[in-house]
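The stops below can be selected in order.

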Amino acid sequence: MTWPNPSGGLSIVIPTFNERDNIDHLLHGLRTLQSRLAGPLEVILVDDNSPDGTALLAERLGQQLTLDLRVLVRNGRRSLGSAISDGLRMCRWDLVCVMDADLSHPVALVPRLVDSLDGVDGVVASRYALGGGIESWPFNRRLVSLIATALARVFLDIRYRDPLSGFFMVRRSLLHGVNITGDGNKPLLEILVSLQPIMKEVHYRFRNRKNGESKLDGQSILDFAKLMVRLRRTVFNRGTNAPETMRHRNLDREM
């Protein structure tokens, strides 16, 4: 497909919870990013009512930096995935980048993601593509990631190397009519299974957070397992309906 001109603007969606120690560095990085983009930039920060004051600090810094920043503070059960889902609905621009606030996703990679969009539906910043990697992760965290990634690729029939990446870029118009719930904190996985888009993977080196605590816990693992079961049904139903779909396509050609 042919992409619209990326100068239309870019929205960056960032979920946060207790990221006060990282938000200054992150927003300064995003401010310098503006001059490297062809069009306007907006930042949507979705904060799950952080008790450390992340949202208030972000709003103050956004004003100081003259950054086009909107902060949504949510109450209730915290979920990185649902925060991203809410953020996607707030974006002004069609082109959207999703990234974390813990500095594990390098802001400097964003222009390269934009440049890689030609001819594809989106771009995944991939830890597991050739040339990518992970820095300073403990063995148990690395093992959990590798197992989860392998399960997703095998059981959900995904060919991309890093379907669980939290750093990716898509067009919101691609998501039209599809409910991205954020269940299991893996919205990219929902997009890949539900829409089967053509994506390009751009390698990068993931850096483990220096400040704050990881959001991975037992509930996150359980939510991911539930997501896998739901998406597996989608893959199964798609396979069951494939012969019928193919028959209709052949009839269309004959007509």
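**A tour by selection**

Begin with the second largest pocket, whose lining residues divide into 4 nonpolar, 6 polar and 3 charged. The model is predicted, so local features need pLDDT of at least 70 and side-chain atom pairs count only at pLDDT 80 or more, while totals for chains, interfaces and linings use all residues. Residues are numbered from 1 along each chain as its sequence is written, and side-chain values use heavy atoms, with hydrogens and water left out.

**Stop 1: the pocket**

The second largest pocket holds about 240 Å³ of space. Select His-25, Asp-102, Leu-103, Ser-104 and Arg-207: of the 13 lining residues, these are the closest to the pocket centre. Helix α1 (residues 20–33) gives the largest share of the lining, 3 residues.

A pocket here is an open set of points on a 1 Å grid over the protein atoms alone, where a 1.4 Å probe fits, with protein on both sides within 12 Å along at least five of seven lines; lining residues have an atom within 4 Å of a point. Grid points are joined across faces, edges and corners, and the volume is the space filled by probe spheres set on them.

**Stop 2: the whole chain**

Zoom out and colour by secondary structure. The protein chain has 7 helices and 9 strands; these are DSSP runs numbered from the N terminus, helices being H or I of at least four residues and strands E of at least two. Of its 255 residues, 48% count as buried, where buried means under 20% relative accessible area, exposed over 50%, and partly exposed in between (1.4 Å probe, protein chains only).

The chain exposes about 13000 Å², of which carbon and sulfur atoms supply 53%. These areas come from the Shrake-Rupley method with a 1.4 Å probe. Among contacts (heavy atoms within 4.5 Å) with a separation of 6 or more, 80% are between residues 24 or more positions apart.

**Stop 3: Asn-185 and α6**

Select Asn-185, in the loop between β7 (168–171) and α6 (187–195). Which backbone nitrogen does the side chain of Asn-185 reach? That of Gly-81, at 2.9 Å. This is a polar contact, a pair of N or O atoms within 3.5 Å; within protein, one must be able to donate a hydrogen and the other to accept it, and residues adjacent in sequence count only if both atoms are side-chain atoms. Leaving aside neighbours within four places in sequence, Asn-185 is in contact with Ser-79, Leu-80, Gly-81 and Ser-220.

Move on to α6, where 7 of the 9 residues are buried: Pro-187, Leu-188, Leu-189, Glu-190, Ile-191, Leu-192 and Val-193. Just after α6 comes Gln-196, with a positive phi of about 50 degrees.

**Stop 4**

Most residues other than glycine have a negative phi. Select Ser-136, in the loop between β6 (133–135) and α5 (139–155); its phi is near 65 degrees. Ser-136 counts as exposed because its relative accessibility is 63%.

Then take Asp-157, in the loop between α5 and β7. The phi of Asp-157 is near 55 degrees, and its relative accessible area of 63% makes it exposed.

While α5 is in view, pick Ala-150 in that helix. Ala-150 is partly exposed, at 39% relative accessible area, and its C-alpha atom is 8.8 Å from that of Arg-161, 11 residues apart along the chain.

**Stop 5: strand β8**

Finish on Val-202, in strand β8 (residues 199–203). Is Val-202 buried or exposed? With a relative accessible area of 4%, Val-202 is buried.

A polar atom of the His-203 side chain lies 3.5 Å from the backbone oxygen of Leu-130. His-203 and Gly-131 are 72 residues apart in sequence and 5.8 Å apart in space, C-alpha to C-alpha.

Conventions:
Ala, Val, Leu, Ile, Met, Phe, Trp, Tyr, Cys and Pro count as nonpolar, Asp, Glu, Lys and Arg as charged, and the others, Gly among them, as polar.
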